[in-house]
Amino acid sequence: MALTLYVDTARWRAHQQSVVQQFPGIVPVCKGNGYGFGHDRLAEEATRMGADILAVGTTYEAARIKDLFSGDLLVLTPFRLGEEPVPLPDRVIRSVSSVEGVRGLVGARVVIEVMSTMKRHGISEEDLPKLHAAIEDVRLEGFAIHLPLDRGDGSTAVDEVAGWMERLRAAHLPLHTMFVSHLRAEELVQLQQRYPQTRFRARIGTRLWLGDHDATQYRGAVLDVTAVAKGDRFGYRQQKAPGDGYLVVVAGGTSHGVGLEAPKALHGMMPRAKGVARAGLATMNRNLSPFVWAGKQRWFAEPPHMQVSILFVPNDAPAPQVGDELVAHLRHTTTQFDRVLDH
């Protein structure tokens with residue numbers, strides 16, 4: 001009995017190929033929990049699609065994935081002076097976001113990140129003159145820019161990348177390769193046409209692995225079903241059942257990521273109103289679970305346990321049976337499955 005990730009393999013790979021065709025020279029991204037699929041699986045898929053570079057989040061991930069992928073590995077987290085050294089092969093490329101970082105990587109392969117409107121990290125325009133001497137001691141693989149997802153000022157992603165291209169050109173820095181994130185395919189085409197001497201390479205993770213929502217599905221197996229009457233006490237905290245129904249124990253708890261949720265940016269009145277409503281219900285120990293039964297998302301009976309969750313299903317719905325599987329709406333990047341089944 002497990003929390004299972006079901007993958008419609010043919011459909012999933014067809015989507016991957018559609019993205020690869022839209023973004024020539026794509027750099028697949030495999031970081032964190034491997035977007036819910038795991039490092040082993042994504043390294044295998046990157047090899048299958050013929051990728052020559054795989055982007056990873058950290059040096060620790062690079063150390064684990066180096067034995068799974070034979071091509072180059074691009075570490076996205078920028079190098080910092082004084083960081084813990086991690087033994088890595090020469091095919092690992094380090095991202096750098098400061099002149100000092102470039103100087104600290106003598107002889108290494110590097111990609112220099114420029115500061116975008118994300119304002120997360122990157123080389124500033126003022127630092128460009130200092131790069132001339134610094135890049136003489138490294139093997140420069142190119143520059144990179146990480147763009148925001150939303151824009152509220154009327155600017156475009158193409159304008160932002162082009163602005164940096166012009167700054168780099170004016171500083172007489174090499175422009176053979178530019179790694180980009182969060183560009184649409186048509187925007188990439190525009191840039192490639194505008195700067196034909198530069199190779200633009202899109203670093204893509206979410207769109208590549210999770211772009212077809214119907215290609216994957218999480219399901220938790222029902223482990224136990226217990227009938228309760230209104231007022232019956234149950235669980236760790238001996239709460240009272242809110243009505244007649246069933247306590248349903250289903251595979252999937254906090255160790256899987258069930259009940260854990262990343263903060264969301266809310267836009268518009270309706271999402272904000274729903275957020276307020278959820279917060280109000282939570283104060284009354286009413287929390288909606290990600291598990292669906294008989295066409296409805298069901299409430300947690302109590303906070304999820306480490307490996308299972310207990311749901312309350314009222315008696316106006318059919319009782320689940322042990323061995324049934326409940327579809328679970330879970331976020332891939334925060335979920336750990338027990339097993340994956342291709343079909």
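Trainee: What share of the 343 residues in the chain is buried?

Mentor: This is a predicted model, where local features need pLDDT of at least 70 and side-chain atom pairs count only at pLDDT 80 or more, while totals for chains, interfaces and linings use all residues. Numbering starts from 1 along each chain as its sequence is written, and side-chain values use heavy atoms, leaving out hydrogens and water. Buried means under 20% relative accessible area, exposed over 50%, and partly exposed in between (1.4 Å probe, protein chains only). On that scale, the buried share of the chain is 48%.

Trainee: How many helices and strands does the chain have?

Mentor: Both are DSSP runs numbered from the N terminus: helices are H or I with at least four residues, strands are E with at least two. The C-alpha atoms fill a box of roughly 75 × 45 × 40 Å along the principal axes. The secondary structure in it comes to 9 helices and 18 strands.

Trainee: What is the average pLDDT of the chain?

Mentor: pLDDT is the predictor's confidence in each residue, from 0 to 100. In this chain, 92% of the residues score at least 70, and the average is 93.

Trainee: Among contacts between residues at least 6 apart in sequence, what percentage joins residues at least 24 apart?

Mentor: Phe143 gives an example, touching Leu168 and Phe179 among others, with residues up to four places away left out of its list. For the chain, the percentage joining residues at least 24 apart is 67%.

Trainee: How far apart are the mean positions of the positive and negative charges?

Mentor: Lys and Arg count as positive and Asp and Glu as negative, with His and the chain ends not counted. Each charge is placed at NZ of Lys, CZ of Arg, CG of Asp or CD of Glu. With 39 positive and 38 negative charges, the mean positions are apart by 4 Å.

Trainee: Is Phe143 buried or exposed?

Mentor: Phe143 sits in strand 7 (residues 139–146), and its contacts include Val111, Ile112, Leu131 and Met178. Because its relative accessible area is 0%, Phe143 is buried.

Trainee: Which residues of helix 2 are buried?

Mentor: Helix 2 spans residues 39–48 and is followed by Gly50, whose phi is positive, near 80 degrees. Its buried residues pack against several elements, including helix 1 (9–22), helix 8 (206–210) and strand 18 (339–342). They are His39, Arg41, Leu42, Ala43, Glu45 and Ala46.

Trainee: Where is Lys119, with its positive phi?

Mentor: Phi of Lys119 is near 55 degrees, a positive value in a residue other than glycine. Lys119 counts as exposed because its relative accessibility is 66%. Its place is the loop between strand 6 (109–113) and helix 5 (128–134).

Trainee: What separates the C-alpha atoms of Met118 and Trp293?

Mentor: Met118 lies in the loop between strand 6 and helix 5 and is partly exposed, with a relative accessible area of 33%. Leaving out residues up to four places away in sequence, Met118 touches His146, Leu147 and Pro148. Trp293 is 175 residues from Met118 along the chain, and the separation of their C-alpha atoms is 41 Å.

Trainee: How far apart in space are Thr254 and Thr335, C-alpha to C-alpha?

Mentor: Thr254 is in the loop between strand 13 (245–251) and helix 9 (269–283). Aside from neighbours within four places in sequence, Thr254 is in contact with Leu260, Pro304, His305 and Met306. Thr335 is 81 residues away in sequence, and the C-alpha distance to Thr254 is 9.2 Å.

Terms used. Contact = heavy atoms within 4.5 Å.
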